[in-house]
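The following paragraphs lead the reader through a single protein chain, from overall features to individual side-chain pairs. Please keep the sequence and the model in view while reading.

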Amino acid sequence: MPGQRVFLHSRTLPVRMVAPSLKLQDLIEEIRGAKTQAQEREVIQKECAHIRASFRDGDPVHRHRQLAKLLYVHMLGYPAHFGQMECLKLIASSRFTDKRVGYLGAMLLLDERHDAHLLITNSIKNDLSQGIQPVQGLALCTLSTMGSAEMCRDLAPEVEKLLLQPSPYLRKKAILTAVHMIRKVPELSSVFLPPCVHLLHERHHGILLGTITLITELCERSPAALKHFRKVVPQLVQILRTLVTTGYSTEHSISGVSDPFLQDQETCGAEEVQILRLLRILGRNHEESSETMNDLLAQVATNTDTSRNAGNAVLFETVLTIMDIHSAAGLRVLAVNILGRFLLNSDRNIRYVALTSLLRLVQSDHSAVQRHRPTVVDCLQETDASLSRRALELSLALVNSSNVRAMMQELQAFLESCPPDLRADCASGILLAAERFAPTKRWHIDTILHVLTTAGTHVRDDAVANLTQLIGGAQELHAYSVRRLYNALAEDISQQPLVQVAAWCIGEYGDLLLEGNCEEIEPLQVDEEEVLALLEKVLQSHMSLPATRGYALTALMKLSTRLQGDNNRIRQVVSIYRSCLDVELQQRAVEYDTLFQKYDHMRAAILEKMPLVERDGPQADEEAKQSKEAAQLSEAAPAPTESQASQLLDLLDLLDRASGDAQHPPPLDPSPGGALVYLLDLPCAPPPPAPIPDLKVFEREGVQLNLSFIRPPENPALLLITITATNSSEGDVTNFICQAAVPKSLQLQLQAPSGNTVPARGGLPITQLFRILNPNKAPLRLKLRLTYNHFHQSVQEIFEVNNLPVESWQ
């Protein structure tokens, strides 16, 4: 007996030492009462131990209470995976209280990544067939939340039967479950197609709303369903007309707008897509359906009250539908006018939506959008950065040959006061618009000079080459240009592109600067010493880049043949840079000093003025064959012809001849970054560069990103990367944005993409050009950031590309 007492005592002792488990309400109070995170963790760890012990003992009575506490712990962020199997046990239970907690646990703890979710398929199938509405509702909610593709295929017949049940409660949940199944398994469209026609006759608000959502999903994923439901466009038009005139459901009206939940998707803020979006899908690329809904859309656009936000949301959705279908011309003008009224709204969100929509329409309805140009220009002064950026993009898109002068004045005024992060885009847009629509060469030169003076550090890399080419081709404006540039350079030497152009122009046409015979501007008295002093100031300035010093040094060298005074000052400056740390400047200075010392008889011929660009000759034909980007990045000087190159190859022989027999070699390009032929080198035609292989850098759910590379032969330091985004999935990719970054030793410029939407099933891809300047041939690395919307989800990917082809940077 004593031994037996000891044995019983040893078995019951652990039970007495374990503290009793807390109720859910007590657990919540104790967790909220914890003063530190350590106290909270202690309470949760102790209670999780009780929950594990209860699960291990197999207590069927209190299992749902223990799981409820575990779900609360899970929602706080603590691990609760050990309760997954208990969810399955509760779902299989016959008690409703157990099923309710079990299904909730399955929705929270299970998903497609866990194989355990397949174990509840039979339980859901049995519950859907039992006929108990609360249980069926729980099963439908769980299936629509975490049902995988395999579960959807297995349970589709049961859901189809529930679509035609008399209970509105079950039909609403069955419709939403069918939407989830179509998104997971598009081939199930044929299963849910027949019931949708009957469901459109329902008067219940929730059923009709879910049915429209289901039809929209079917039309987006199945061409057969799209063709089938185009037959019900008149019925949808009648439903929407009833909403506009009499109201479909008075309890769902908001701020005087009849049932915006059915009319528009923006008001409800959920995933349901309502009648207007469905009409847009059905009327796209189909004239008969579009004609059926034209009168109704006009009625909605004119009768909707805009004093409330719900009305604005309905109007905006109406505008999108009008613009996406084959609508009448007058109806499209009405839609643009609605967006113009949105620009006057006090709500910034509405103004942003209007600017974005007008930017999409400016290509197809340019004249209608032009009517709202003053309002768009006023939006440039918005304090909100996103609004001013959208207004800038739209303003640049509205520029044409008839309004270019007025629009350039507005944009130049905005450039002077715009935020720093917008200056690069604004300057680039002005330069492109001026190049495309310039009424005269003088106006074009003045516009570029204003941009260089105002935001020189923010201009594109090719602005210097474009302006030098423009000035070189306008012979009648040489005197005017050199005086304007000299005045700008005397006032400010901090804007590097401006300094480079000014140094080039002074070197080429410095003699015109000293003559003072330009009648188009005020007389300017300049002597040789002032010009030389200004260029020396540029050379000595700590703000000058090596490339800028190269322009200034070349300009001094060219002035040695254009000025009448003594060249000793120029020779001294050139000799100083023979020991410069910059290799480019040092080599240039050595060559120039050699000209002074040994070959002074050839200096005037070598440093003569650049020839004019012949637009009607072979040069223009050759440029027409090149791409637009390569033409913009080419240097102002034309490439040497074959005969000139052969003369340069004989340069060492020419140095031994007498000055009278010397042939005049072709002039040199003064720009330090151009394709210079060094005087003491033997140039030879470079071999054609080998093609650089393309590179795939991203792929996810059918969205693919490929890079293609081009290195222009005339500028090996430049790399042109074309980003091509394609989409082979079943859903459109919208709001696509690609951003890039490179190491600090490289210079990167991003051009505007061809669009922001990649259509599904291999539609027209998006392309975007990156221009990377790599003068030091440093190893190339790219960091890309992609943001887009796909299948109603926002996607953001940030990754680094380190496997770029060696040919792209060496």
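The term pLDDT denotes the predictor's confidence in each residue, on a scale from 0 to 100. It is needed here because this is a predicted model, in which local features require a pLDDT of at least 70 and side-chain atom pairs count only at pLDDT 80 or more, while totals for chains, interfaces and linings use all residues. Residues are numbered from 1 along each chain as its sequence is written, and side-chain values use heavy atoms, with hydrogens and water left out.

The chain has an average pLDDT of 80, and 83% of the residues score at least 70. Over residues 1–18 the pLDDT stays under 50, and the model gives this stretch 2 contacts (heavy atoms within 4.5 Å) beyond four places in sequence. Residues 261–273 also have a pLDDT below 50, but the model shows 46 contacts for this stretch beyond near neighbours in sequence.

As to overall architecture, the secondary structure comprises 39 helices and 8 strands. These elements are DSSP runs numbered from the N terminus, where helices are H or I runs of at least four residues and strands are E runs of at least two. Of the 810 residues in the chain, 49% are buried. Buried means a relative accessible area under 20%, exposed means over 50%, and partly exposed lies in between, with a 1.4 Å probe and protein chains only. Among contacts between residues at least 6 apart in sequence, 67% join residues at least 24 apart. The chain exposes about 39,300 Å², of which carbon and sulfur atoms supply 51%; accessible areas come from the Shrake-Rupley method with a 1.4 Å probe, and for residues only the protein chains shown count as cover.

Charged pairs come next. Side chains of opposite charge can pair when their charged atoms come close. A salt bridge is defined as a side-chain nitrogen of Lys or Arg within 4 Å of a carboxyl oxygen of Asp or Glu, and a search of the whole structure finds 32 of them. In one of these, arginine 63 pairs with glutamate 86, the closest N and O atoms being 2.9 Å apart. Arginine 63 belongs to helix α4 and glutamate 86 to helix α5, so the pair ties together parts that are 23 residues apart in sequence. Both arginine 63 and glutamate 86 are buried.

Another salt bridge joins aspartate 127 to lysine 99, with 3.0 Å between the closest N and O atoms. This pair links distant parts of the chain, since aspartate 127 is in helix α7 (residues 121–130) and lysine 99 in helix α6 (residues 96–109), 28 residues apart. Aspartate 127 and lysine 99 are both buried.

Aspartate 600 and arginine 603 also form a salt bridge, their closest N and O atoms being 2.8 Å apart. Both residues lie in helix α35 (residues 600–606), 3 residues apart, about one turn of the helix. Aspartate 600 is partly exposed, with a relative accessible area of 35%, whereas arginine 603 is buried, at 9%. Elsewhere, a network of salt bridges links Arg183, Glu217, Glu220, Arg221 and Arg277.

Aromatic side chains form pairs as well. Rings of Phe, Tyr and Trp (its six-membered ring) pair if their centres lie within 6.5 Å; planes under 30 degrees apart count as stacked, over 60 as edge-to-face and the rest as tilted. The whole structure contains 4 aromatic pairs by this search. One of them joins phenylalanine 55 and phenylalanine 82, whose ring centres are 6.5 Å apart and whose planes stand at 55°, so the pair is tilted. Phenylalanine 55 is in helix α3 (residues 37–57) and phenylalanine 82 in the loop between α4 (63–75) and α5 (84–91), 27 residues apart. Phenylalanine 55 is buried, with a relative accessible area of 9%. Tryptophan 504 and tyrosine 509 form an edge-to-face pair, 6.0 Å centre to centre with 85° between the planes. Both are buried: tryptophan 504 has a relative accessible area of 6%, and tyrosine 509 one of 3%.

A charge sits over a ring if NZ of Lys or CZ of Arg is within 6 Å of the ring centre and within 35 degrees of the ring normal. The charged end of arginine 442 likewise sits over the ring of tyrosine 480, 4.3 Å from its centre.
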